[in-house]
Amino acid sequence: MQSWNLLSIITFFPLLGALFILLSPQQEKKISERNSKSLALWTSIITFIISLFLLYGFDSEVSSYQFYERVVIANGLMTYQLGVDGISILFVMLTTFLMPFCILASWNSIKDRVESFMIAFLVLETLIIGTFCSLDIILFYLFFESVLIPMFIIIGVWGGERKVYSAFKFFLYTLLGSVLMLAAMIYLYAHTGSTELIVISENLDLKNSSQYFLWLAFFCSFAVKLPMWPVHTWLPDAHVEAPTSGSVILAAILLKMGGYGFLRFSLPLFPEASHYFAPFVFTLSIIAIIYTSLVAYVQKDIKKLIAYSSVAHMGFVTLGIFTFNTQGIEGSIYQMLSHGLISAALFFCIGIIYDRLHTRQIKDYGGLVSIMPNFAIFFMIFTMANVALPGTSGFIGEFLIVIATFSISKIAAIFAATGVILSAIYGLFLYKNVVFGKITNETIELLTDLTPREKLILFPLAFLIVFFGLFPSSILGLISESSNNLSDLLDLALLGIDPLGVK
Amino acid sequence: MALFFLVFLPLFSALIVGFFGNKVNITLTHLFSCLLIIIPFFISSYFLNKSLSGDFNFVFPLATWIESGDLVTKWSLKLDMLTSVMLVVVTFVSSLVHVYSIGYMSHDPNQPRFFAYLSFFTFAMLILVTSNNFLQLFFGWEGVGLASYLLIGFWYKKDSANSAAIKAFVVNRVGDFGFLIGIAILYFSTKSLDFDVIFSMAGELSSKTIPILFWNFNTLNMACFFLFMGAMGKSAQLFLHTWLPDAMEGPTPVSALIHAATMVTAGVFLVARCSPLFEQSEYILSFITIIGASTAFFAATVGLVQNDIKRIVAYSTCSQLGYMFVALGSGAYQIAIFHLFTHAFFKALLFLGSGSVIHAVSDEQDIRKMGDLYKLIPFTWITMLIGTLALTGFPYMSGYFSKDGIIEAAFVSHTGGHFYAFYLLVISALLTSFYSWRLIFLTFHGKSKVSKDVFSKIHESPKIMLAPLLILALCSIFSGYIFVDYFMSHDFEFLWKSSIFLAPDNHIIEEIHHVPLWVKLSPLVMMIAGFILSFLFYIAFPFIPGYLAKSYSPLYKFLLNKWYFDELYNFIFVKNIKRIGEFLSSFGDKKIIDGFGPDGIASSISYFAKQASRLQTGYIYHYAFAMLFGLTIFISYFFLRG
């Protein structure tokens, strides 16, 4: 398995598909559009199938990197180095799993420049997978930042009315963080003489003060990506203007790159600084959970509401990561994966009704249940998962995070648990106003229920959300070795340091 | 294995009916879902029989649920005395409600959905009572909450039903928040979520403290307090009770099953299940006693003046749940469960009876528009009478044993506030009798106030609805007498050993048999007094209530508006949450964050760009001056540096 360079194949296969679309001979518009769609779909499906081999060959008993590849490039300046461990493998899987659905979802809703859209999407897939697999900081930086470009294009070209404003806001925010991260990476290189993550983490012996600055530099970049309060305002705008599949990728995967960054860089490289700033992160997380839940409640735009709820859920993730204990780390990885499925499903749902009615305003809906009963069932499952009802995957992560937080800070856990109440409030109000009630908008009477294509998208997601809610051990087993390893490493590094000053 | 089928047959039924119910004959759906609930009833009767004949308990493991670090929780089914009583109550009432719904819902187009929800509810409730750890209990707990939400909002076109459903879910979530914190505390201090492990460490917990902010709290008290908060939400105790009366927006069979007999008693079950914890937490026991008694009294006073037949019964439920909590707080856990047991029968009977009345008078629910119905629907009348007698504690009916037991337990108990509870409960007994008879008199007796066109259509309900009424009526008469010894006699205490923990100095089951005569007689006297008063008010001198309402108008309005709890909560929470949300959204996000963040930067950049572009005037002497100016500064700088 190792000699196959499986990770490289998975990473660059979508790019290959994109090249094919790009180079395919010019034909009649209709035909070339259809060809590019099916080519993109098959590329993403095959990528997913290949990635199943990854899952199959993955040894969950080992905490170190697997499927490891290393080539020295650029005159020895940096290396091309890939590998996955328990923390990253599932993000790769999530990406490859969701991509075919995204392409399916844009089947009819993207009308112009279809080829370019498909190319942008496949390139995006390559970059995202690359981000999760790179073990060289420069390589990581390249992937991590390049993701911005196709996403910027997707929002800016195929977006809604205020697409340019949103795209620039998105770009501006993320760029701010990345400049600082680049500086920090250069510092790391200067200090250790290597860009390889493994070498850096072994050789790194930083004085406290510089550790703190480096941590902050990385933090800026990841916090914007996640996004944490108060740098979250790009997200609702980006979501509102992005096309459905763009929103899905944004919410389900792009946000996770921030959380992944914390787990891969901030915690293992700068344990003391992480520890020092943990109360700060806790505070921001708690504010995120409560503040954005309240803001979500008063939104009039469905997509904005879900976007704000994403920020609240990401608040749980940062809370979990910075507890430094096994349950917290596992809980936040689980929360990220589960949110990947749930938010994807919710955005697909919104896309489905948007395609029919062309409005995102909550007040234009109501009474869908009698016209679209199947849609109502799916949307109910996803809403309940978003509310973290036990039996759905949303519960497992939040529960683990709450109990993990409780062992560190009682008051933070209590505040975080109020998210239980607040998410129910905005979630149920959204559901009631969209699905229940009398039909006030006459055009709703003319709508049709889910098409087979839409069922094909929603059913696997619903199944997985419930399955991972009832039997999470299948996932937790994969990530436990690596997260144990991480929390042990932190314990060791923090030995002799006072327990957290927060209560 | 039988236990497995018992629990999962209803789930199976829910899934099959939910997905395929629309595609087959409706009779088949009815038969299928009733059968898959009646079989579990027979299995549970078998289990109860075994439990009653000796110490019978086991745990049936299913699968691993969450495994993370040192946290391990498993799916498993537990059976002991407490569980078998609950199993019988749940499956019995659920079976009858399923059967009754065939008649009651016969005109509804969405019947498969209704039956699927009912069966799903039954499954979640069974999971709840058979759980062997806190997390699975929480799973069932939220499952019944979901089912309740779906069923209250079953008629989704009614706006009031939707709001009631959300209110129920959200208020319950406030309780669940407490439950979750309670679980977190227990896990934090025991590193386990299993009942056995946690209960065996109860003594240890009572000597530990937990720091929150600047204070140290006793771990056990804290855990019990938060767990009880969960129970308050689910069982609609004072302050978290507001959802229950509104929940009456759902179909009546739902009210009978979920909001009278089973789900709302989950809180009582929780406290009884956690008796090893609560029994050692004196303060929380007192707290439970006081909350319970206050709820019993509060709900009874509100019940006095309500006019909606279902709301009266709902407030009565709320009040009776208060009785159960007083029993728990007094340390008489079995008696609480006993009252839960008998209450399930007569309250389900009253609800289903009300449903039959509503059915008869063309969906009218206001008892002021009824009257003199007893000749027209005699069967319903008689069963409602039986239910009322059982509720008010007529001698040798079921409520007589359990309710009097609670009042006696409150008298002899040693927990703080038990006298407060005792007196309030005695007064509530008077109120209960009064409002119950008021309901009977206004509905079935006196002058008929039914409008003409409705009157001509009044008819007795079909047999399929009357049969459950008959069975429940028989249970309301006999269940107390038959089972009293198992719950309240000292001889059978050994049956409860494995499920309910009593502190060594808790001899309450023994002591209630030695209360003074006046205590024993007080509920009876109150019941008779309530009946007489009600008779005087509504049959003999029907002008009295109107006169009193007018002359004590503020008090009347206070009661009619349910002590203004809804208005208060609306004022404090509902409006402010919206207001804060708006504020944060428009001010926090837009003005502050965006204003100083991206928009601010963007606009200031364009501002500076404009300023810069103004410099480029195009006049040569401007440039020349600028160059000269710059040169001067440059040269002076070098000169000054030396």
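**Entry 1: chain B as a whole**

I began with the secondary structure of chain B and counted 28 helices and four strands. The model is a predicted one, and I read every value below with that in mind. I then looked up the extent of chain B: along the principal axes, its C-alpha atoms fill a box of roughly 115 × 65 × 60 Å. Chain B has 642 residues, and 60% of them count as buried. I also checked how far apart in sequence the contacting residues lie. Taking the contacts in chain B with a separation of 6 or more, I found that 79% join residues 24 or more positions apart.

**Entry 2: where chain A meets chain B**

I turned next to the contact between the two chains. Chain A puts 60 residues into the contact, and chain B puts in 53 residues. The size of an interface is often given as the accessible area lost when the parts come together. For chain A and chain B I noted a buried area of about 5,200 Å², with 75% of it from carbon and sulfur atoms. I looked for salt bridges across this interface and the rule gave zero. Polar contacts between chain A and chain B do occur: I noted 10 residue pairs, both residues at pLDDT 80 or more. On the side of chain A that touches chain B, helix 19 (residues 419-435) of chain A gives the largest share, with nine residues. I sorted that side of chain A by class and got 40 nonpolar, 13 polar and seven charged residues.

The cut-off I used for buried is under 20%.

**Entry 3: helix 6 of chain A**

Last, I asked which residues of helix 6 (residues 148-158) of chain A are buried. I listed Leu148(A), Pro150(A), Met151(A), Ile154(A), Ile155(A) and Trp158(A). An α-helix has 3.6 residues a turn, so residues three or four places apart point the same way. I then looked up what the buried residues of helix 6 of chain A pack against. The partners, also in chain A, are helix 4 (114-133), helix 5 (137-146), helix 7 (163-192), helix 10 (234-241) and helix 11 (244-269).

Terms used: Residues are numbered from 1 along each chain as its sequence is written. Chains are lettered from A and ligands numbered from 1 in the order in which they are written. This is a predicted model: local features need pLDDT of at least 70, side-chain atom pairs count only at pLDDT 80 or more; totals for chains, interfaces and linings use all residues. Side-chain values use heavy atoms; hydrogens and water are left out. Contact means heavy atoms within 4.5 Å. Buried area is the accessible area (1.4 Å probe) that two parts lose on being put together, summed over both. A salt bridge is a side-chain nitrogen of Lys or Arg within 4 Å of a carboxyl oxygen of Asp or Glu. A polar contact is a pair of N or O atoms within 3.5 Å; within protein, one must be able to donate a hydrogen and the other to accept it, and residues adjacent in sequence count only if both atoms are side-chain atoms. Helices (H or I, at least four residues) and strands (E, at least two) are DSSP runs, numbered from the N terminus. Ala, Val, Leu, Ile, Met, Phe, Trp, Tyr, Cys and Pro count as nonpolar, Asp, Glu, Lys and Arg as charged, and the others, Gly among them, as polar. Buried means under 20% relative accessible area, exposed over 50%, partly exposed in between (1.4 Å probe, protein chains only).
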